[in-house]
Amino acid sequence: MLNYSVAELRRYIFFCNFVARKNVHTPMKEPNRILFISQEIYPYLAEETPVRLLNRQIPEYFQGHGYETRTFMPKFGEINERRNQLHEVIRLSGMNLIIEDSDHPLLIKVASIQSARIQIYFIDNDDLFHRRKGVKDENGVEYSDNDDRVIFYARGVIETVKKLRWTPDIILCSGWLSALAPLYLKRVFNDEPFFAHSKIVLMLDDNEYERPFPTRFTEKLRIEGITNTDVRGIDGFPVGYEELMRLAVDFSDAIVYATPKVNQRVANYVETKGKPILPFEQTETPVEASKRLWDFCQTILAKETEENE
């Protein structure tokens, strides 16, 4: 049997109490969180374009370097549910989103890219996505209701994240189908605790749509919180790619160039806004580009921390 002096026992008890107090008052820092709202991700859309490959790499890189991630894309009809093992998430599905007095049921499906250990959430609706190829039909003609799909996709992602009760530090928007997310987040959902402090990063690429949205697009997208001033740049005339992306730029906190060429008029507009910009690097691999984006996001969050201190 071991014998300890009274002094030794007192020192031991003091040490145990000190460790316990230290563990209580210095909790582990929670990881940063990134919400990725993407238009297209490889391999769910089969063609290996640079943007699709980058969008596949970004969540894997961020997750592998300390971030929690949630990644969304539209459930286009060309995505094979059986081959990609998609299944519906009943607890997240069922909400009706109203666009111009029409109800559109929101379906949420999920699948995993096993090699990357990342999960992808899919925004689906029978009329807007499930029965349709991409943004063009079999003859290469853009769908006439792509404007409804832009509205539905942005609102669907935001409502789903609310149901997940998940608070992102960074929200990364890629592709014109995600272009309304910054407006909704900054004007409609800005008081929600899940999004109040999120920083929005907009990725610009060379994938433009050609068929302008109809003049009534502005009225379609309106929900409580959006003012005439917010949408004055697109109100009263058909909305082309340039006008839509200028709107996205207005309500984003930072801009990333994902391809060597982007719409020059949009790029010129970005230069007038004074927002942080991450330029494109020609020789980068998707992994290298993801690393630079990770560094860029870390800088944005560090600046936010400094401003709040």
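Which strand is largely enclosed by the rest of the structure, and how many of its residues are buried? In strand E7, 6 of the 7 residues are buried, so this strand is largely enclosed by the rest of the structure. "Buried" denotes under 20% relative accessible area, "exposed" over 50%, and "partly exposed" the range in between, with a 1.4 Å probe and protein chains only.

The views below show a predicted model, in which local features need pLDDT of at least 70 and side-chain atom pairs count only at pLDDT 80 or more, while totals for chains, interfaces and linings use all residues. Residues are numbered from 1 along each chain as its sequence is written, and side-chain values use heavy atoms, with hydrogens and water left out.

View 1. Nine strands, in the order E3-E6-E7-E2-E1-E8-E9-E10-E11, form an open sheet with mixed pairing. Its edge strands are E3 (87–88) and E11 (277–278), each of which pairs on one side only. Helices (H or I, at least four residues) and strands (E, at least two) are DSSP runs numbered from the N terminus. Two strands pair if DSSP finds at least two bridges between them.

**View 2. Strand E7 and its two partners.** Strand E6 (residues 107–113) and strand E7 (residues 118–124) run antiparallel and are joined by 7 bridges. Within this pairing, Ser112 stands opposite Gln119, and Leu107 has Asp124 as its bridge partner. The two strands form a hairpin with 4 residues between them, and in the turn Arg117 has a positive phi of about 60°. Strand E2 runs parallel to E7, and 4 bridges join the two. In E7, Phe122 is the residue opposite Met73.

**View 3. Helix H4 across the sheet.** Helix H4 (residues 146–164) lies across strands E1 (33–38), E2 (68–74), E6 and E7, and runs at about 145° to E2. Axes are lines fitted to C-alpha atoms, for helices over the stretch in contact, and angles run from 0 to 180 degrees between N-to-C directions. The 19 residues of H4 reach 27 Å from the first C-alpha to the last, close to the 27 Å expected at 1.5 Å a residue. This expected span is 1.5 Å times one less than the number of residues. H4 is mostly covered, with 17 of its 19 residues buried. Just after the helix, Arg165 takes a positive phi of about 55°.

**View 4. Thr160 and its surroundings.** Thr160 belongs to helix H4. Thr160 counts as buried because its relative accessible area is 1%. Leaving aside residues up to four places away in sequence, Thr160 touches Phe72, Leu92, Leu106, Ile108 and Ile123. Contact means heavy atoms within 4.5 Å.

View 5. Helix H2 (residues 50–64) has 15 residues and reaches 21 Å from its first C-alpha to its last, close to the 21 Å expected at 1.5 Å a residue. Among its buried residues are Val51, Arg52, Ile58 and Phe62. Gly66, which follows H2, has a positive phi near 100°. The largest pocket has a volume of about 690 Å³. Of the 37 residues lining this pocket, the closest to its centre are Glu40, Thr49, Pro50, Val51 and Arg52. H2, E10 and H9 each supply at least two lining residues, and H2 gives the largest share, 6 residues. On a 1 Å grid over the protein atoms alone, a pocket is an open set of points with protein on both sides within 12 Å along at least five of seven lines; a cavity is a set where a 1.4 Å probe fits but cannot get out; lining residues have an atom within 4 Å of a point. Grid points are joined across faces, edges and corners, and a volume is the space filled by probe spheres set on the points.

**View 6. The largest cavity.** The count comes to 1 cavity of 30 Å³ or more, and about 30 Å³ of space lies in the largest cavity. The lining of the largest cavity consists of Ile34, Phe36, Ile58, Pro59, Phe62, Thr69, Thr71 and Leu172. E1, H2 and E2 are the elements that give two or more residues to this lining; the largest share, 3 residues, comes from H2.

**View 7. Glu208 in its loop.** Glu208 is found in the loop between E9 and helix H6 (217–221). Glu208 counts as partly exposed because its relative accessibility is 34%. Leaving aside residues up to four places away in sequence, Glu208 touches Glu142, Trp176, Tyr241 and Asn263. Glu208 and Asn263 are 55 residues apart along the chain, and their C-alpha atoms are separated by 8.2 Å.
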